[in-house]
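Dear colleague,

A short account of the findings comes after it.

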Amino acid sequence: MDRTIYLTRRLRVAEAMREQGGGIALVPTAPERVRNRDTHHPYRHDSYFFYLSGFGEPESWLVIDEGGRSTLFCRPKDLERETWDGLRLGPEAAPGALGVDEAFPLELLDEYLPQLMANRRAVWFPFGVHEGLEQRVEGWLAAVRARERQGQEAPRAMRDLCAVLDEMRVVKDEHELATMRRAAEISAAAHVRAMRASARWLRGMDAGPWYEYHLEAELLHEFRRHGAQAPAYPSIVAAGANACILHYPAGNAELRPGQLCLIDAGCELDGYASDITRTFPLDGRYTGPQRELYDLVLAAQDAAVAATRPGARQRDAHHAAVRVLAQGMLDTGLLDRDRHGSVDDVIETAAYRRFYMHGTGHWLGMDVHDVGSYQQDDEPPVEQPDGLGGRVVKKPSRILQPGMVVTIEPGIYVRAAEDVPERYWNIGIRIEDDAVVTPGGCELITRGVPVRAEEIEALMREA
């Protein structure tokens, strides 16, 4: 682990506090969660804590003062517990391993925090993230106030540390981008593996029947065998009409020839997420109607990719995709021209939302829906479309800059209905890639899995 990465981040937090009058920052990691009885969910650290420490153990706290000095509270070494649960770093080894200035056993937290908070102008911590944290801070403040006769002064303000950390995290450094590229590479290989598994099964090379969860197993196998710690989110494996359910979990629906399968899945590697969606024909060949809609969604993604560049707005990609999709909905008859009018009419009334009801992208990083404002906060609010057929007054969409990472994921979802051409019934398609904003445009880091229809068909023929 390169300790200087985390030290640099902690120093940036200290600088941000000094610029706003000083203070001390408190950052706990995530708690362990009981699954049932004495069994826990697999542990996952808090993203803010890990971003500043690189430390993945539970029951840990990081304290940073305005001068940049950092203190860690963590679990002590315990031979009996380590026999059951695994080795602990311990406070004695933490400064050397993590680059913090000092470390203490967790049981000293309540004793030391009032001392560390005394005579600071403000206490900073993540608002609305950790249940009960504000109450604990209030308790420590009360302990400081109780010593005012001894010359100690309690912080007079509470400040939201998320405001500082979110801005830091929205632009990735080279270490983060390298990790995210590797996560994207692993996830792309998992999608390829699932496509090939589907092709082998339908050619009779693997015994059937096969179900959605079989393809999920292929994804998980590929994630873990390349060192990813876990899926970044519950994998979506949706065959046939299930693809019209946006957050459909991999279930037990049987895979059938002639269906499309939508897989939205990505791994988490060393604390960073990837996020890929592909929609492929289970038997290796798109039908005519499937190919029509697939090519429409791909054209929408191409337009969104072209709109993702420095100086553009984060929302520009969505507007570009919507215009292509709206035109396609009119051309295919999904939307009746006599009723809905022109492309501009479809966009103004948001009629397209019947078949495309989500946004075209989100920030990506340590969290799959990563932190960071989507608005340009230094610009005044303006009246603009709300995306639902009305108007709203709010700040403009954020201006993109190099180092930001976004997903680009247009889709189309057609449920069976009397006013919809039957050839398109129950077709759900989404195409998603992860894009790093670069000085000249954007880099799609997930194209290790094919995206063009003819490329997907070729891959499945060769499986």
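The notes below cover the annotated domain, the nonpolar cores and the aromatic contacts.

Please bear in mind that this is a predicted model. An unreviewed UniProt entry places the feature "domain: Aminopeptidase P N-terminal" at residues 1-134. Over residues 1-134 the chain is 35% helix and 21% strand, with the end C-alpha atoms 32 Å apart.

The largest nonpolar core has 82 residues, and Leu215, Phe280 and Ile412 have the most contacts inside it. Helix H8 (residues 174-202) gives this core its largest share, ten residues. Another core, of 43 residues, lies apart from it and includes Leu72, Met168, Leu177 and Ala232.

Ile412 belongs to strand S18 (residues 411-414), which is covered on both faces: Gly411 and Tyr413 are buried on one side, Ile412 and Val414 on the other. Strand S18 pairs with strand S19 (residues 427-430) in the antiparallel sense over four bridges, and the bridge partner of Ile412 in S19 is Ile429. Beyond its neighbours within four places in sequence, Ile412 is in contact with residues including Leu293, Met329 and Phe355.

Eleven aromatic pairs were found in the whole structure. Phe73 counts as buried because its relative accessibility is 0%, whereas Tyr112, at 22%, counts as partly exposed. Ring pairs link Phe73, Phe104 and Tyr112 into a cluster.

Finally, Arg9 lies over the face of Tyr51, at 4.1 Å from the ring centre.

Yours sincerely

Methods. Residues numbered from 1 in each chain as written. Predicted model: local features only at pLDDT ≥ 70, side-chain atom pairs only at ≥ 80, totals over all residues. Heavy atoms only, no water. UniProt positions renumbered as here; feature names shortened; annotations may be inferred. Helix = DSSP H or I, 4+ residues; strand = E, 2+ residues; numbered from the N terminus. Buried < 20%, exposed > 50% of the residue type's maximum accessible area, 1.4 Å probe, protein only. Pairing = 2+ DSSP bridges. Core = buried A, V, L, I, M, F, W, Y, C linked by side-chain atoms within 4.5 Å. Contact = heavy atoms within 4.5 Å. Phe/Tyr/Trp six-rings, centres within 6.5 Å; stacked < 30°, edge-to-face > 60°. Lys NZ or Arg CZ within 6 Å of the ring centre and 35° of its normal.
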